[in-house]
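Dear colleague,

I am handing over the structure below, and after it I set out what was found. Please read the notes with the structure open beside them.

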Amino acid sequence: MRLHLNLCQQTAATLIPMLEAGQTSCVAVMESVLDQIEAREAEVHAFVSVRGRDELLAEAKAVDEMRAAGEEVGPLAGLPVAIKDNICTKGLKTSCSSKMLENFVPPYDATVIEKVVAADGIILGKTNMDEFAMGSSTENSALGNTKNPRDLERVPGGSSGGSAAAVAADMTILALGSDTGGSIRQPASFCGVVGMKPTYGRVSRYGLVAYASSLDQIGPIAKCVEDAALLMGVIAGHDAKDSTCLDVNEPIVADLDNGAGKSYRMGVPAEYTQDGTDPAVQAAVDQTIAKLEALGHEVVPVELPHTDYAIPTYYLIASAEASSNLSRYAGYAYGHRAEDPESIDDMIARSRGEGFGDEVKRRIMLGTYALSSGYDEQYYEKALRVRRLIQQDFDAAFAKCDFIVHAVAPHPAFKLGEKTDDPLAMYLEDIFSVTANLAGLPAISVPVPQEDGTPPIGVQCVAPALREADLLAMAVAMQNAVATPAV
Ligand code: GLN
């Protein structure tokens, strides 16, 4: 018997047993997702490209045939996965939503793409983002804005706004994003889906177009924690092609029900309850903590005293690394090249001038200044020292607790255009997310449904390095707790 429920709205966790039982097929799932893209993409604009229907259906059919022939299929068996457009896909344009790379077709796949394909996942298409992952609203894309599918007047967050919007609008089952200072967790929070940034080094960055190399990590965006865990398990692991990728034995995913019946110590940092936080965000955090406490988890006050320095520290380090990473786009190797240059200098200057958008130029200038001789000690090196202090704050906090729970962003999804004239206001929205990147810690955003019917608001849980398995179990406990009525 075939079940006729709307397949694109389902989670991977629901679809996989249905596929195994023969109640539906990968072709039917793919068709449903493609129909949904046809219905919603024009208004949401989550994608910069979607692969051809025939090709996608043929790949889905191949997985159905493997299963029918009794062959073993991989853990993502035929499920569509949308990919942020800064992750290299062989033969598929990878633009970073920049004019600079508008026509760049990578000659190789990123390691995460190889892993998704080896797990029988199907690469659906590439998603919109802030140019070179610099931004918090996807408004810095050179390829048009993405809208929040839950409220089209609002931003989807960023920089992985396209991936989060695609998941929230049921235009894919799973997605990959990248997180340098919150770019997976914040759009997941704004769009009411789950987003996870792993420990720095857990996932290979080979084939991820570099923004700030000491902070960048790839991670999953999904409709529920179980699905995020599934994709996390597929993409994690040592890779000799990335020298910062860790070779460790700690499990990335273990028993997801481990949180039930356990009593965890939840660290609540006083510094993260700030005057500027929106009351609805604070209420979502407080409700989550209260519900977890009612289930037997313990609240432990912790201190993260260097929180006030996190934004300047992050923007100095990220911009410095970006200015170095982006120096490769000069018009001679690949990327945009200005027409009819008069000299090499003219070619470099005009190619960069024409290819990069305003925010990218701002970061390159900030970063170049912070690294320039005479100022590097005062800015860049000082930022590195403060980064160490922020890491030490977390070490001290985790001596007292198992996880730290707090908001993802101070405000829920804001209106399109609301912050575009004020870059500093946009930067300040990252206060609760950049710290996990500076400290290299795994963190997840779990959507908290709102009783007044407004879109969900993400609450964040941060774990010690390499404790993804526990973090995911805790996140399942959070997800279950917030699904129950108020306490
Ligand atoms: N909003 C932050 C920035 O603009 C984070 C971006 C990211 O994580 N890629 O740098």
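**The ligand and its surroundings**

In this predicted model, an N or O atom in the side chain of Tyr314 lies 2.6 Å from an oxygen atom of the ligand, where a polar contact is a pair of N or O atoms within 3.5 Å. Taken alone the ligand exposes 290 Å², of which the protein buries 99%; accessible areas come from the Shrake-Rupley method with a 1.4 Å probe. A polar backbone atom of Gly135 is 2.8 Å from an oxygen atom of the ligand, and a nitrogen atom of the ligand has a polar side-chain atom of Ser136 at 2.8 Å.

The ligand is surrounded by 15 residues, the closest being Thr180, Gly181, Ser183, Tyr211 and Tyr314; a residue counts as near when one of its heavy atoms lies within 4 Å. This shell divides into five nonpolar, seven polar and three charged residues, with Asp, Glu, Lys and Arg counted as charged, Ala, Val, Leu, Ile, Met, Phe, Trp, Tyr, Cys and Pro as nonpolar, and the others, Gly among them, as polar.

**Backbone and confidence**

The peptide bond from Gly158 to Ser159 is cis, with omega near 10 degrees, and Ser159 is placed in the loop between β3 (122–127) and α5 (161–168). Cys96, in the loop between β2 and α4 (111–118), has a positive phi near 55 degrees. Most residues other than glycine have a negative phi, and most peptide bonds are trans.

The mean pLDDT (the predictor's confidence in each residue, from 0 to 100) of the protein chain is 96, and 98% of its residues reach 70 or more.

Residues are numbered from 1 along each chain as its sequence is written, and side-chain values use heavy atoms, with hydrogens and water left out. Because the model is predicted, local features need pLDDT of at least 70 and side-chain atom pairs count only at pLDDT 80 or more, while totals for chains, interfaces and linings use all residues.

Methods:
Polar contact = N/O pair within 3.5 Å; in protein donor to acceptor, adjacent residues only side chain to side chain. Helix = DSSP H or I, 4+ residues; strand = E, 2+ residues; numbered from the N terminus.
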